[in-house]
Amino acid sequence: MLKSLGKRWREKTEFGLFTLPVLICIAVAFYIPFAMTIRYSMTKWNGISKHPKFVGLDNFKQIFMGDTNFANSAWFTIKYAILYIVLVNVLAILLALVLDMKLKSTPWLRAAFFIPYILSLVIVGFIWKFIFMQGFNSLGESTGWSIFGLSWLGTPGLAFVSILAVSIWQSIGFYLVIYIVGLQSVPEDLKEAATVDGAGPMRKFFSITLPLLAPSITISVFMALTNSIKVFDVILSLTGGGPGGTTYSIAYDIYRDTFQNNLYGYGTAKALILFLAVLVVTILQLAFFKRREVEA
Amino acid sequence: MNTNRKAGRIILEVVMVILSLLFLYPLFLTIINSLKSFSEVMTDVIALPKHLVFGNYSYVWKFINYPKLFLNNFVIRCRSSGYCVHFIHSSLQAGTDEIQTERGDLFPLHYADADSVPIDHADRSANR
């Protein structure tokens, strides 16, 4: 009895010793800064002074009561997130279906659609800025099409579309890869059985392929959700929040308040709200999508 | 029926290849323009360069200290929490394997976590 208790105790300490370095690393890199963030979110601090002034929940009150910048950027982010999630997933599934048909050019197509993903978003933003401004100018002159004459970064609605299009262009390869893997794991015999039962290609897709693709959809929507709520670098390099401050996302709004207006306390409060929002939304999304998954 | 289907596949293939070329056109444009002189870029963006100019590359190479920057990247990568945690994690994995065999449900998050770190890392480095 005593011996087994001693053994268990020894195991526990051994286990604790092995996990200790990781716990220290995670604490230093994550938990301690996080606790400090919570403290700073309740202070009025300019990031330089040594004595942040404690103001309680005033920052949060101000954010929710009278911050039009935050409300506007939140609305922008919600719009962007919904459109991005839907479009990137639908397009990636469609592309994956084509790439799963064993065409001769499949290796080239896969590489082609994945290449933008290896570029950094800041550089992608600069490339597209160049194309939207100078490139579209020349294209418009040589083709005469009026879409190239529009001011793609200069009007609020079109700037939103540009940001959406550029981020989809950059990241579709990633979702494509997830869906290709998902499609390859859909068993061939089920599709054959459906064909024998007289199902057409559409029926086969909606009744067999799509339900069995649910795990891939869950992970893709999850990634798209977290990435689109945190959207920052592409806006920074493409429009810089313009025209007229209409394309600020929440992350960019936090950046502006914290590092440009030097409101560190206020910015951290906003960041904390964003963190909680992302947490709640992703938990809800995962719970909802997990429930709909089926086994083959 | 069969030839019809074959023709459809070939058409689809051609359409997809054209689509992928259009998809990559911004990158081609960037590469083409990097080989032009500044005045040529300003007059016509989509034209091919009249004569290749490598001046842009030598200019950038001279004014941006690439070896130093790559070293910086490397150092930051190695020191950043991700790799640190991952490294300790994998060494930990070797250490706890024997305990794991004794107690099945030792640390359910353990494997998931060790997997997620490099993925998260690759994702982040791709986005920066």
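Analyst: Gladly! Read along the sequence, chain B follows the pattern α-α-α-α-α-α. This is a predicted model, in which local features need pLDDT of at least 70 and side-chain atom pairs count only at pLDDT 80 or more, while totals for chains, interfaces and linings use all residues. Residues are numbered from 1 along each chain as its sequence is written, chains are lettered from A and ligands numbered from 1 in the order in which they are written, and side-chain values use heavy atoms, with hydrogens and water left out.

User: How many helices and strands does chain B have, and what counts as one?

Analyst: Chain B has 6 helices and 0 strands. Both are DSSP runs numbered from the N terminus: a helix is H or I with at least four residues, and a strand is E with at least two.

User: Why is A:Ser216 called buried?

Analyst: Buried means under 20% relative accessible area, exposed means over 50%, and partly exposed is in between (1.4 Å probe, protein chains only). A:Ser216 has 11% relative accessibility, so A:Ser216 counts as buried. This serine sits in helix 9 (residues 214-229) of chain A.

User: What does A:Ser216 touch?

Analyst: Leaving aside residues up to four places away in sequence, A:Ser216 touches A:Ile178, A:Tyr179 and A:Gly182. Contact here means heavy atoms within 4.5 Å.

User: Why does A:Lys102 count as exposed?

Analyst: The relative accessible area of A:Lys102 is 68%, and therefore A:Lys102 is exposed. You will find A:Lys102 in the loop between helix 3 (68-99) and helix 4 (106-114) of chain A. A:Lys102 also has a phi near 60°, a positive value in a residue other than glycine.

User: And why is A:Asn262 called partly exposed?

Analyst: Because its relative accessibility is 33%, A:Asn262 counts as partly exposed. A:Asn262 lies in the loop between helix 11 (250-260) and helix 12 (264-291) of chain A. Its phi is positive too, at about 55°, although A:Asn262 is not a glycine.

User: Where is B:Arg9 found, and why is B:Arg9 called partly exposed?

Analyst: B:Arg9 belongs to helix 1 (residues 2-34) of chain B. With 34% relative accessibility, B:Arg9 counts as partly exposed.

User: How much of chain B is buried?

Analyst: Of the 128 residues in chain B, 27% are buried. Among contacts in chain B with a separation of 6 or more, 19% come from residues 24 or more positions apart.
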